[in-house]
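Please keep the structure open while reading.

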Amino acid sequence: MKHHPYFENLNSSTAITAVFSCPGRLEEKKGLPCAGKTGKALDFILKHLHFQGFRLKRSLIGITNAWDKIEYKRKTERSEASNEEIVDSNNIARLNRDLLTTKYAIAFGQKALLALELVKKTYRPDLIIIKSIHLSPRNINFMIKTDIDGNELKKGEKGNTEKRLAVITTEIKNNSGNLFS
């Protein structure tokens with residue numbers, strides 16, 4: 001099976017696709033999407049999501065990006081595409097092709113959401129978009145300040161990452177309209 005840094009499992013009959021911003025340095029190095037800490041965060045979340053009685057995992061979903069080109073500071077002097085590049089008609093057509101078998105797309109971050117909303121408007125009015133924050137460690141630490149019970153997460157405490165990811169998992173479940181349990 002050929003690997004590519006911006007997509008995975010898109011030719012399978014998956015109904016669910018996780019959409020991120022763009023591949024970066026680790027994705028380029030490993031030749032698959034969502035590598036490194038973002039990939040570990042995705043794996044944690046998938047392990048805690050169930051769809052039609054099945055626990056999700058990478059092999060059961062598609063993964064793609066709002067932008068298919070590799071971006072990182074040392075290579076391109078930036079970490080993601082501009083909004084103008086994301087909404088370019090050729091890019092949106094490419095993403096629509098990536099989502100051929102997708103019924104439910106999880107938008108991990110604003111770039112993914114921007115692209116998915118345009119795919120929905122232009123090609124796929126039936127596409128269901130589930131919103132989430134991006135899973136980069138910096139974003140998770142900045143955005144999630146309390147655990148699922150509302151307790152403040154104190155800097156440096158063991159287990160904070162898992163507690164933050166549990167909050168994100170719960171938000172995905174809530175945003176899915178009971179699609180995920």
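The end C-alpha atoms of residues 23–141 lie 21 Å apart, and this span is 45% helix and 15% strand. UniProt, in an unreviewed entry, places the feature "domain: Uracil-DNA glycosylase-like" at these residues. Such annotations may be inferred rather than shown by experiment.

The model is predicted: local features need pLDDT of at least 70, side-chain atom pairs count only at pLDDT 80 or more, and totals for chains, interfaces and linings use all residues. Residues are numbered from 1 along each chain as its sequence is written, and side-chain values use heavy atoms, with hydrogens and water left out. Helices (H or I, at least four residues) and strands (E, at least two) are DSSP runs, numbered from the N terminus.

Buried means under 20% relative accessible area, with a 1.4 Å probe and protein chains only. Contact means heavy atoms within 4.5 Å.

| Helix | Residues | Buried residues |
|---|---|---|
| α5 | 89–98 | Asn91, Ile92, Ala93, Arg94, Leu95, Asn96, Asp98 |
| α8 | 160–175 | Asn160, Arg164, Leu165, Val167, Ile168, Thr169, Ile172 |

Helix α5 is mostly covered, with seven of its 10 residues buried. The cover over those residues includes β4, α4 (83–86) and α6 (110–122). At the start of α5, a side-chain oxygen of Asp88 comes to within 3.0 Å of the backbone nitrogen of Asn90.

Helix α8 has 16 residues and reaches 23 Å from first C-alpha to last. That is close to the expected 22 Å, taken as 1.5 Å times one less than the number of residues. Its buried residues are covered by elements including α2 (36–47), β5 (104–108), β6 (128–132) and α7 (137–143). Gly177 follows α8 and has a positive phi, near 65°.

**Strands**

β1 and β4 pair in the parallel sense over four bridges; pairing takes at least two DSSP bridges. Val19 stands opposite Thr64 in β4. In β4 (62–65), Gly62 and Thr64 point one way, Ile63 and Asn65 the other, and all are buried.

**Cores**

A nonpolar core is a set of buried Ala, Val, Leu, Ile, Met, Phe, Trp, Tyr and Cys residues joined through side-chain atoms within 4.5 Å. Which residues touch the most other members of the largest core? Among its 30 residues, they are Leu135, Ile168, Ile172 and Phe180. β1 (16–20), α2, β5 and α8 each supply at least two residues of this core. α2 gives the most, with five.

Beyond four places in sequence, Leu135 is in contact with Phe20, Thr38, Ala41, Leu42, Ile45, Phe108, Ile140 and Ile168. A second, separate core of 18 residues includes Ile92, Ala112, Leu116 and Val119.

Terms used
Buried < 20%, exposed > 50% of the residue type's maximum accessible area, 1.4 Å probe, protein only. Polar contact = N/O pair within 3.5 Å; in protein donor to acceptor, adjacent residues only side chain to side chain.
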